[in-house]
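Subject: Structure handover

Hi,

Here is the structure I promised you. Please open it alongside this note; my findings follow below.

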Amino acid sequence: MSRDRGPRRPRRLDRKILAAASVTALSLTASGCVVVHGEREVLPSATRAEAAKALEQFTEAYNAADKAYDTSLDADHTTGALAAIDSARLKAGATNHPDGNPDHAPLELSDAKYTIPKKAGWPRWFVADAKANKGGGARWLLAFTRDGLDGTWEAAYLTLVAPGKVPEFVTDADGWAEAVPADATDVSVAPGDLSKDYAAYLKDGGKSFADGVHTSTWRASREKRGTRPGLVTQFIDEPLTNGDYAPLALRTKDGGALVFFTSRHFEKQTAARGASVPTPNKDVLALTDGEIKQSLTMEFVSNEVALDPADGAGDGQVSVLGRVQGLTSAKGE
């Protein structure tokens, strides 16, 4: 099965330059002018007002893009996994409905709660937890990132979590949260390894992840689908961890972490001789290159949010609380 280098990233190309630049701010004190280096000082990632404004701007851009099926209208407000999923969705919609989305209903977010970590360096980030008029009553968790003081806050992750399942976070006296580094050793799985471990679990199983809809149930469903008469379905799962796909983690009150991470999944359907691959729906066809004769390979990007327990706590299993997945491309052969 062919493998792409990675999801096409419809974002600006100067992020690494921004992230690498030395950002400084001047602070006046009684003793004179003191240089504060933003890449070294531990500071809140955003003010609460900035976080609220970022969510408002994202919602406005998201609704405009969804109504027009125009990727350019929210391109400056999404990145990473969400951008890969959303831009493909809008591209398919525009192909099938060039005059715009006939079923558009504006997204409305309310009762928003913001968890903003103090950290050094870029990117800075925070999490918004909101009630939505879509998603069957689930809470919408959005992780926003920014690469520099002049950058726009962009939503990198969007996952849906059942009410009451969002954990409590560690906060200091001023209400700022604690970011957990990707290489942390005080949790069951280092956040930077979760994507790799998840891909390995989906292939081989094991005890690293707790049973649930996005783990054992998903594996069982894929196993069943892979054995249909006249049709072979193969699955390949890969981690996505670099750049705007890097994991983000917040310290929870029980000593563990809530981790956002990304993975990539391929599904290849191959028909037996004399048979044909089931005709995909029009949205899949809109993202398909080549002619579907004997096989169809689909590529998906998925973003997950998981509870990573403290090292040595309980059985050490990671619980995947939510997962949003979208088709990003397909190839017929």
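First, some terms. Two strands pair if DSSP finds at least two bridges between them. Helices (H or I, at least four residues) and strands (E, at least two) are DSSP runs, numbered from the N terminus.

This is a predicted model: local features need pLDDT of at least 70, side-chain atom pairs count only at pLDDT 80 or more, and totals for chains, interfaces and linings use all residues. Residues are numbered from 1 along each chain as its sequence is written, and side-chain values use heavy atoms, with hydrogens and water left out.

**The open sheet**

An open sheet is formed by 3 strands, in the order E3-E5-E9, with mixed pairing. Its edge strands are E3 (43–44) and E9 (177–178), each of which pairs on one side only. Strand E5 (residues 117–119) runs parallel to E9, and 2 bridges join them. Pro-117 has Ala-177 in E9 as its bridge partner.

Strands of a sheet pair through backbone hydrogen bonds, either parallel or antiparallel. E4 and E6 run antiparallel, joined by 5 bridges. Here Thr-115 has Val-127 in E6 as its bridge partner. E6 and E7 also run antiparallel, with 8 bridges. Trp-125 stands opposite Thr-145 in E7.

E6 is mostly covered: 8 of its 9 residues are buried. Buried means under 20% relative accessible area, exposed over 50%, and partly exposed in between (1.4 Å probe, protein chains only).

The hairpin of E6 and E7 has 6 residues between the strands, and Gly-135 takes a positive phi near 100° there. Lys-134 also sits in the loop between E6 and E7. Lys-134 counts as partly exposed because its relative accessible area is 26%. Beyond its neighbours within four places in sequence, Lys-134 is in contact (heavy atoms within 4.5 Å) with Ala-105, Pro-106, Leu-107 and Trp-140. Lys-134 and Pro-106 are 28 residues apart in sequence, yet 9.4 Å apart in space, C-alpha to C-alpha.

**Helix H2**

H2 (residues 48–68) has 21 residues and reaches 31 Å from first C-alpha to last, close to the 30 Å expected at 1.5 Å a residue. That expected span is 1.5 Å times one less than the number of residues. Its buried residues include Ala-51, Leu-55, Phe-58 and Tyr-62. Among the elements covering the buried residues of H2 are helix H3 (80–96) and strand E4 (109–115).

Thr-59 counts as buried because its relative accessibility is 12%. Leaving aside neighbours within four places in sequence, Thr-59 contacts Leu-107 and Leu-109. Tyr-69 follows H2, with a positive phi near 55°.

Best wishes
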